[in-house]
Amino acid sequence: MSRIKFFNTTGPCDPKYHYMLPPEERLVGAQLHRYIRDGLYWALHAPRQTGKTAFLKGWMREINATDTNKAFYVSLEPCRGVKDVRDAMNIINGDIAKAAKLEGYPDPAPEGGAAEFLLSDTLRSLSQIVAPKSLVMLFDDVNLLEDNPLVRFLSLLRAGFASRDAGVFPVSVALVGTHDPKNPLASSKDGVSLNPGTPFNIKADSATLSNFSRNDIARLFAQHTAETDREITPAALNYVYEQSKGQPWIVNSLFKRAVMRVLDEDSVEPVTLEHVAEARRQMIAASETHFDALREYLHDPRVRQMVQAIISGDSSQLLGLSHADTEYVFDTGLICRDSVVGITFANPIYEELAIRYLTSACHDSLPPDSWQWLSPEGDVDMDRLMREFQKFWRRHSEIWEQKSDYTEAFPHLLLMAFLQRVLNGGGRIEREYAAGRGRMDLAIEYNGKWHIVEVKIVHDYETPQFVEKEGLEQIRGYRDKIAPHTQSYLVIFDRRAKAKQLQWDDRITWRTEGDVTVAGC
């Protein structure tokens with residue numbers, strides 16, 4: 001058998017060594033044929049590792065195969081964290097010079113001159129060097145420029161825009177990054193409103209890259225099948241899509257792990273759902289570097305506000321977010337607007353990682369079990385588990401909440417951390433939540449049996465009676481969808497100011513309403 005290829009991880013790739021799908025097939029809102037022909041500047045924004053760099057480098061090769069245009073790719077990654085305008089401009093100019101040298105051109109940066117304006121002179125010089133061809137600049141990782149360096153960079157492009165022409169100034173510029181460049185400029189970090197004459201009144205389009213479709217995922221693995229004769233079952237393909245929702249890096253990572261780690265890479269054994277599920281487990285346990293940025297996003301106040309709304313189901317928490325803030329959060333790729341459930345996590349894998357991260361401090365701080373949560377029959381003793389949680393909430397919640405950044409979703413996160421011991425014991429928890437649902441539903445499976453938990457919050461503008469009545473209707477509907485007639489628990493946290501003044505003996509309650517146990521906290 002020939003040497004196995006790697007699945008493309010959405011970065012720079014070579015068809016000789018990678019299975020890949022052309023990223024340009026997933027462009028949304030772009031008109032590539034117009035940008036150079038009509039002399040347009042445009043933006044492309046999409047979450048990390050979705051194929052932006054692969055697209056840019058592929059498009060650069062296409063442009064440079066013509067006799068009329070010359071394109072250069074320049075990443076602004078070296079400008080990460082650079083706050084000084086002159087330092088940032090010097091870095092960008094140096095990288096443009098490196099790109100020119102790789103193509104056999106002389107250094108375009110002129111001698112002398114103020115560093116703040118050197119970029120304009122460099123682009124004009126490079127335009128003259130490649131003439132009579134028209135210059136096309138492809139700037140990647142633009143989102144890593146911040147504050148004054150970003151404003152200066154864009155302002156210099158705007159200043160040269162009117163004179164764009166072969167031999168004069170770039171006829172077309174692509175600004176590419178994880179966020180639409182207009183959003184960081186909506187309000188500067190020092191609170192000073194920006195001049196409405198930003199470079200973005202010259203931007204023709206703001207395009208993005210979509211995720212893989214189900215068909216894309218099948219086409220990608222079909223390349224592997226054609227070369228190795230290894231098949232994949234329809235159930236496994238469907239599982240990959242459902243877990244990733246087509247996020248390109250996740251799709252590639254699941255495939256790569258399944259065929260190279262779960263299975264022997266020289267094997268032709270078909271890839272099944274069980275193999276992909278194991279690949280998913282390994283990927284999450286490995287804490288891949290792709291997920292580092294997602295963890296960092298969870299510290300962002302804008303992201304935190306939206307995540308709390310999703311977990312708690314309280315859409316009123318979204319009211320403080322501006323349109324620019326909302327679009328910024330969607331641009332992270334962590335959260336999406338689903339046509340069915342509304343604002344929620346972008347895919348089940350991001351959801352699980354976010355919840356694991358947000359509950360990790362609580363989970364790691366939980367004392368070892370001093371009680372038995374398994375029944376003699378080997379099932380979860382849910383009554384015991386939930387009563388023990390009530391005890392824990394009574395003893396620790398007030399102190400622990402003071403240390404939490406996610407105060408609105410604190411009850412939900414602490415309960416999930418407490419229930420994590422079920423997962424550690426070999427069970428699993430399925431979650432359902434979205435902003436506006438008004439609740440969080442948990443389906444706990446252990447040893448082949450299901451248990452249903454629903455979390456509701458009593459706010460100052462509600463009565464406990466109304467919340468309980470609504471919750472009983474909701475949990476029965478959810479239970480009948482997952483596992484009819486199974487053991488169910490409605491957990492109600494009374495967060496009203498006056499409720500917090502009550503003695504704990506009055507706040508902790510336990511009673512049965514028909515076929516549902518209602519646990520008050």
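Guide: Start at T332, which is in contact (heavy atoms within 4.5 Å) with P47, H179, L294, Y297 and V303, leaving aside its neighbours within four places in sequence. This is a predicted model, in which local features need pLDDT of at least 70, side-chain atom pairs count only at pLDDT 80 or more, and totals for chains, interfaces and linings use all residues. Residues are numbered from 1 along each chain as its sequence is written, and side-chain values use heavy atoms, with hydrogens and water left out.

T332 sits in the loop between α12 (323–331) and β9 (335–338). Helices (H or I, at least four residues) and strands (E, at least two) are DSSP runs, numbered from the N terminus. With a relative accessible area of 4%, T332 is buried. Buried means under 20% relative accessible area, exposed means over 50%, and partly exposed lies in between (1.4 Å probe, protein chains only).

From here, turn to the nonpolar cores. A nonpolar core is a set of buried Ala, Val, Leu, Ile, Met, Phe, Trp, Tyr and Cys residues joined through side-chain atoms within 4.5 Å. In soluble globular proteins, nonpolar side chains tend to be buried together. The largest core in this model has 89 residues, and F255, V307, I311, I335 and W393 are those with the most contacts inside it. Helix α15 (residues 410–424) gives the most to this core, with 8 residues. Take I311: beyond residues up to four places away in sequence, I311 touches I355, L358, A409, H412, L413, M416, Y433, R439 and M440. Another core lies apart from the largest one and has 32 residues, including F72, L135, F139 and F153.

Next comes a sheet. Strands of a sheet pair through backbone hydrogen bonds, either parallel or antiparallel. Here, two strands pair if DSSP finds at least two bridges between them. An open sheet of 6 strands has mixed pairing and runs in the order β11-β12-β13-β14-β16-β15. Its edge strands, β11 (428–432) and β15 (509–513), each pair on one side only. From one strand to the next, the twist averages 20 degrees. Axes are lines fitted to C-alpha atoms, for helices over the stretch in contact, and angles run from 0 to 180 degrees between N-to-C directions.

R511 has V518, in β16, as its bridge partner. T517 also lies in β16, and at 12% relative accessibility T517 counts as buried. Not counting residues up to four places away in sequence, T517 touches S488, Y489, L490, W510, R511 and T512.

Helix α16 lies across β11, β12 (440–446), β13, β14 (487–494), β15 and β16, and runs at about 155 degrees to β13. A charged pair also joins α16 to β13. The side chains of K456 and E470 meet in a salt bridge at 2.7 Å, N to O. K456 lies in β13 (residues 449–458) and E470 in α16 (residues 464–482), so this pair ties together parts that are 14 residues apart in sequence. A salt bridge is a side-chain nitrogen of Lys or Arg within 4 Å of a carboxyl oxygen of Asp or Glu. K456 counts as buried at 2% relative accessibility, whereas E470, with a relative accessible area of 26%, is partly exposed.

The structure holds 38 salt bridges. Some of them form a network that links R476, R479, D480 and D515.

Two further pairs involve helix α14. R384 and E388 meet in a salt bridge through their side chains (3.4 Å, N to O). Both residues lie in α14 (residues 382–402), 4 residues apart, about one turn of the helix. R384 counts as partly exposed at 34% relative accessibility, and E388 counts as buried at 12%. In the other pair, the side chains of E398 and R507 meet at 3.7 Å, N to O. E398 lies in α14 and R507 in helix α17 (residues 504–507), so the pair ties together parts that are 109 residues apart in sequence. E398 counts as partly exposed at 45% relative accessibility, while R507 counts as buried at 13%.

Last, the cysteines. A disulfide is a pair of cysteine sulfur atoms within 2.5 Å, and by this rule the count comes to 0 disulfides. C336 is partly exposed, with a relative accessible area of 23%, and C521 counts as buried at 5% relative accessibility.
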